[in-house]
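The structure is shown first, and the text then goes through the two topics in turn.

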Amino acid sequence: MYQQQQKQSILTEEDLAGAILSDLKRVVREYATAATESTCPDIRQLFTKLMNSTLTLQGQLFQAMQQANMYNAASPALRQELDKQMKQYQQTKQKTTQFVQQNLGQQQNQTFYTPAMQQQTNQQQQGNQPYYM
Amino acid sequence: MKPMTAKELEYIADSMSNEELLIKQCTALAVTGTTPALQNLSLQFLQTHQNHYDSLLHAIQHHQQMAPTQPQQ
């Protein structure tokens with residue numbers, strides 16, 4: 001499959017995989033920056049494609065490392081912390097909506113957040129309904 | 001198609017350096033790794049990074065003809 005040499009890295013497999021993972025994360029950001037600063041449409045498209053492809057690799061490597069117990073996932077956020085942010089940003093949302101309505105008389109009800117479980121029911125909904133009521 | 005800007009060329013060159021480094025790191029992981037899943041993945045990545053590198057190289061190639069030979073103001 002690949003050269004079976006008696007080579008031993010002074011870095012562990014985990015170190016090496018970790019180095020690749022952080023490089024992939026960095027390269028995703030660099031492609032995003034490059035795309036936003038490109039003026040040629042074909043170059044912008046190239047950087048966008050490379051960004052998406054690299055993002056996919058990063059996700060695959062992360063999952064493989066997690067399965068090999070090489071990655072300690074961050075601890076879950078506490079319920080009270082979620083409640084606090086929820087409360088605060090619902091208030092902010094009201095103010096922002098007021099701001100938009102006062103200035104444009106318009107309502108915006110789109111969300112980019114559509115978890116898999118919700119998607120099916122949402123597909124039946126039409127128009128500008130929020131996906132989270 | 002428009003001529004490539006100097007900035008775009010810089011990003012492309014930097015990106016090829018990044019891809020080259022990833023190609024080398026994936027090779028190292030494939031050769032020295034011990035977890036089959038990671039070894040297989042690194043071989044798969046190796047090909048993708050080589051494709052990325054070639055795509056960047058092609059972009060320069062395609063813009064060679066329309067690039068000005070004198071500095072523009």
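This is a predicted model: local features need pLDDT of at least 70, side-chain atom pairs count only at pLDDT 80 or more; totals for chains, interfaces and linings use all residues.

D23(A) has a relative accessibility of 12% and counts as buried, because the cut-off for that class is under 20%. The side chain of D23(A) forms a salt bridge with that of R26(A), at 2.9 Å from N to O. R26(A) is partly exposed, with a relative accessible area of 26%.

E30(A) has a relative accessibility of 29% and is partly exposed.

Another pair is found in helix α3 of chain A, residues 79-104, where E81(A) and K84(A) are 3 residues apart, or about one helical turn. Their side chains meet in a salt bridge at 3.6 Å from N to O. E81(A) is partly exposed at 35% relative accessible area, and K84(A) is partly exposed at 48%. Through shared partners, salt bridges link D23(A), R26(A) and E30(A) into one network. Over all chains the count is 6 salt bridges, including the pairs in the table.

| Salt bridge | N to O distance |
|---|---|
| D23(A) and R26(A) | 2.9 Å |
| E81(A) and K84(A) | 3.6 Å |

In general, side chains of opposite charge can pair when their charged atoms come close.

How many cavities of 30 Å³ or more does the structure hold? There is 1 cavity of that size, and the volume of the largest cavity is about 30 Å³. Its lining takes in residues of chain A, I20(A) and L61(A), and of chain B, namely C26(B), L29(B), L38(B), L41(B), S42(B) and F45(B). Two elements give two or more residues each to this lining: α1 (6-32) and α2 (36-64) of chain B. The most comes from α2(B), which gives 4 residues.

By residue class, the lining of the largest cavity has 7 nonpolar residues, 1 polar residue and no charged residue.

Key
Residues are numbered from 1 along each chain as its sequence is written. Chains are lettered from A and ligands numbered from 1 in the order in which they are written. Side-chain values use heavy atoms; hydrogens and water are left out. A salt bridge is a side-chain nitrogen of Lys or Arg within 4 Å of a carboxyl oxygen of Asp or Glu. Buried means under 20% relative accessible area, exposed over 50%, partly exposed in between (1.4 Å probe, protein chains only). On a 1 Å grid over the protein atoms alone, a cavity is a set of points where a 1.4 Å probe fits but cannot get out, and a pocket is an open set with protein on both sides within 12 Å along at least five of seven lines; lining residues have an atom within 4 Å of a point. Grid points are joined across faces, edges and corners, and a volume is the space filled by probe spheres set on the points. Ala, Val, Leu, Ile, Met, Phe, Trp, Tyr, Cys and Pro count as nonpolar, Asp, Glu, Lys and Arg as charged, and the others, Gly among them, as polar.
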